[in-house]
Amino acid sequence: QDEETQHSLECIQANQIFPRKQLIREDENLQVPFIELHGESTEYVGRAEDAIIALSNYRLHIKFKESVVNVPLQLIESVECRDIFQLHLTCKDCKVIRCQFSTFEQCQDWLKRLNNAIRPPSKIEDLFSFAYHAWCMEVYASEKEQHGDLCRPGEHVTSRFKNEVERMGFDMNNAWRISNINEKYKLCGSYPQEIIVPAWITDKELESVASFRSWKRIPAVVYRHQSNGAVISRCGQPEVSWWGWRNADDEHLVQSVAKACASDSRSNSNKLMNGNCSRDFSNGGDLSDVEFDSSISNASGAESLAIQPQKLLILDARSYAAAVANRAKGGGCECPEYYPNCEVVFMGMANIHSIRKSFQSLRLLCTQMPDPGNWLSALESTKWLQHLSVLLKSALLVVHAVDRDQRPVLVHCSDGWDRTPQIVALAKLLLDPYYRTTEGFQVLVETEWLDFGHKFADRCGHGENSDDLNERCPVFLQWLDCVHQLQRQFPCSFEFNEAFLVKLVQHTYSCLFGTFLCNNAKERGEKHTQERTCSVWSLLRAANKAFKNLLYSSQSESVLYPVCHVRNLMLWSAVYLPCSSPSTPADDTCAPYPVPGSSPEDQPLGRLPKTRSFDNLTTACDSSVPTTNRRSSDPSLNEKWQEHRRSLELSSLGNPGEDPFDGESLSKQGRALVGAELSVAAGVAEGQMENILQEATKDDVGLEEHLRGSLETVGKGDELALEKRAENLRG
């Protein structure tokens with residue numbers, strides 16, 4: 001009853017707490033050029049050169065003659081005036097928007113308006129996600145049917161810790177226990193309230209360990225290999241300092257992790273003790289490319305395993321030099337002499353400042369007009385792909401240790417909330433096919449990124465008074481880029497498609513949803529974000545066919561071993577490369593609630609997000625405008641596809657009276673075209689691609705060749721899955 005009363009009060013107060021602002025028109029004849037979301041109010045509408053520009057409390061909307069810019073305000077990093085009459089907007093996802101004005105005064109007016117709009121909030125309620133949720137609740141308060149579940153994550157997310165412990169098969173009787181030492185976040189504000197530790201480690205010992213680890217981030221177990229019982233743990237760096245401090249309880253806990261693996265009753269039948277099948281890098285050197293290849297290629301097997309206690313791998317994401325330098329600030333790394341039966345490896349991953357610099361160089365390159373002639377060498381100089389390569393290698397080393405060598409692994413960097421979740425989450429994705437399903441991926445993000453305190457507010461710049469630019473860095477975006485690289489190499493292994501990742505990038509920054517607000521779970525609990533905002537998983541849910549990978553096979557490889565060399569990686573063009581026109585389309589009508597003025601059946605809960613495969617939907621749907629399409633490597637497939645695409649164009653053109661810039665009509669007209677232009681692994685209408693491929697195979701060319709020609713890189717094991725699919729189609 002109390003909950004219902006509180007909910008009713010929230011609904012009643014929405015209009016008072018988040019009142020609509022008065023619209024200011026530069027021209028009385030101008031109308032708002034888009035359908036507003038619940039809680040959204042447009043403040044300014046004016047004219048730019050050959051465009052209509054509008055600013056609301058959620059987005060900047062620029063309607064050009066042949067394209068539309070629709071970008072959330074929190075996605076904009078900076079605005080500056082260039083060439084007197086031109087506004088230059090830099091976005092956090094690598095896009096750049098340019099808008100030309102007729103007069104200097106008008107340009108300055110919009111510069112001031114935008115700078116005020118994109119300023120970090122003084123209080124978290126200033127972010128649009130709170131107004132959006134409150135108005136949604138108010139709109140549906142009078143209806144009998146409850147719509148609250150539409151903005152909530154599923155049970156698999158809310159009960160993730162309990163479900164994960166059961167799913168991974170932890171032996172909670174002899175080897176492990178769940179400690180509540182962090183209940184109400186009294187030990188560590190950036191850790192979850194429940195953590196898994198060896199059964200015989202007491203809470204008093206954990207308190208001692210917390211005093212020795214950076215930010216009290218103690219070693220906590222986050223994954224168990226279901227076949228061999230090896231685990232992955234994560235923590236912050238040890239506070240060794242120049243004085244060379246050590247902590248007996250910390251040393252005992254680290255060794256106990258390996259012992260707990262050995263005593264896990266469910267893995268006793270499988271127990272093969274690890275000998276020296278991996279090279280020891282404990283001398284403090286960083287892992288070079290040659291050493292990495294050597295360690296991976298030395299295949300482990302029964303013949304290379306000796307019956308002796310397993311050697312725990314401590315993977316330090318930093319370089320050895322950086323780890324030692326941290327001693328000056330009170331940090332440091334584990335000394336092998338104090339941690340017997342442990343091996344320390346330094347991966348040499350760059351810190352957030354180097355990653356930020358690399359990303360800025362990438363953004364500068366991707367937005368150059370015209371396309372630079374030295375594109376490839378310029379791309380190399382940004383070092384972005386090199387950073388991805390090192391991250392993938394780090395995760396693969398963890399996978400190799402856990403899966404092949406059956407060794408426990410402890411991962412940390414400096415604080416344990418940037419490089420550590422990148423490595424751990426990527427390793428879990430490679431090890432466990434559950435995390436490659438839509439639901440499992442949601443659990444992975446919630447657990448490794450949100451529960452363990454990645455500082456989204458500081459890194460994305462949408463926290464309260466988060467003005468410090470040195471704290472900003474696209475850490476999560478870099479990780480999503482690695483996931484995209486895996487999708488390319490293993491197109492049959494992921495239930496979700498590239499469009500899913502593109503939309504997740506957008507809404508990491510958009511603040512339409514409350515999922516990525518604040519720096520940790522404690523802050524989100526204090527701000528009641530779960531009750532007062534919508535979850536991004538209500539959009540990116542498993543039932544949303546727009547994000548479904550039609551090539552997905554649950555029978556694909558269990559553990560993935562990707563190729564990590566730079567030459568095998570590709571720039572994520574769907575996210576980083578700009579449009580041919582000065583626009584950055586973003587389908588922000590994707591929301592868990594219908595917008596006002598449209599019927600629910602006309603506006604489904606989720607639409608197919610745009611990727612860079614078709615940059616300009618308005619011209620794509622206009623048969624009078626010549627189109628240029630990505631061509632497949634197989635000419636006969638391409639020919640068949642062009643015929644099919646032309647038929648789609650004819651059938652998908654809207655009514656003559658429809659506004660071509662209306663988001664809803666664009667969605668209707670362009671859905672088939674957009675879906676078809678996505679990569680083969682992306683979502684298209686169910687069965688559509690299979691029909692196209694069947695048409696294309698009327699010639700003597702085999703279906704397997706068509707599929708392989710369309711997929712640029714196929715991961716090991718996925719060729720078999722493709723062949724099976726081809727046989728099914730022929731049958």
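Helix α13 (residues 419-431) and helix α16 (residues 475-489) have axes that come within 10 Å and cross at roughly 20°, where helices (H or I, at least four residues) are DSSP runs numbered from the N terminus. Axes here are lines fitted to C-alpha atoms, for helices over the stretch in contact, and angles run from 0 to 180 degrees between N-to-C directions. The model is predicted, so local features need pLDDT of at least 70 and side-chain atom pairs count only at pLDDT 80 or more, while totals for chains, interfaces and linings use all residues. Residues are numbered from 1 along each chain as its sequence is written, and side-chain values use heavy atoms, with hydrogens and water left out.

**Helix α13 with α16**

- The helices α13 and α16 are therefore roughly parallel to each other, a term for angles under 35 degrees, whereas angles over 145 count as roughly antiparallel.
- On the α13 side, Gln422, Ala425, Leu426, Leu429 and Leu430 meet Val475, Gln478, Trp479, Cys482, Val483 and Leu486 in α16, contact meaning heavy atoms within 4.5 Å.
- This contact of α13 with α16 has nine nonpolar, two polar and no charged residues; Ala, Val, Leu, Ile, Met, Phe, Trp, Tyr, Cys and Pro count as nonpolar, Asp, Glu, Lys and Arg as charged, and the others, Gly among them, as polar.

**Helix α16 with α17**

- Helix α16 also packs with helix α17 (residues 498-510) at an angle of about 175°, their axes being 10 Å apart, and that makes α16 roughly antiparallel to α17.
- From α16, the residues Phe476, Leu477, Leu480, Val483, His484 and Gln487 meet Glu498, Leu501, Leu504, Val505, Thr508 and Tyr509 in α17.
- By class, there are eight nonpolar, three polar and one charged residues in the contact of α16 with α17.

**Helix α13 with α14**

- An angle of about 155° separates the directions of α13 and α14, whose axes lie 10 Å apart, and these two helices are therefore roughly antiparallel to each other.
- Their contact is made by Pro421, Gln422, Val424, Ala425, Lys428 and Leu429 of α13 together with Phe441, Leu444, Thr447, Glu448 and Trp449 of α14, and these residues divide into seven nonpolar, two polar and two charged.

**The largest pocket**

- The largest pocket is lined by 41 residues, of which Arg160, Glu446, Asp451, Ala521 and Gln530 lie nearest its centre; on a 1 Å grid over the protein atoms alone, a pocket is an open set of points where a 1.4 Å probe fits, with protein on both sides within 12 Å along at least five of seven lines, and lining residues have an atom within 4 Å of a point.
- The lining of the largest pocket divides into 19 nonpolar, 12 polar and 10 charged residues.

Conventions: Parallel < 35°, antiparallel > 145°, perpendicular 65-115°, else oblique.
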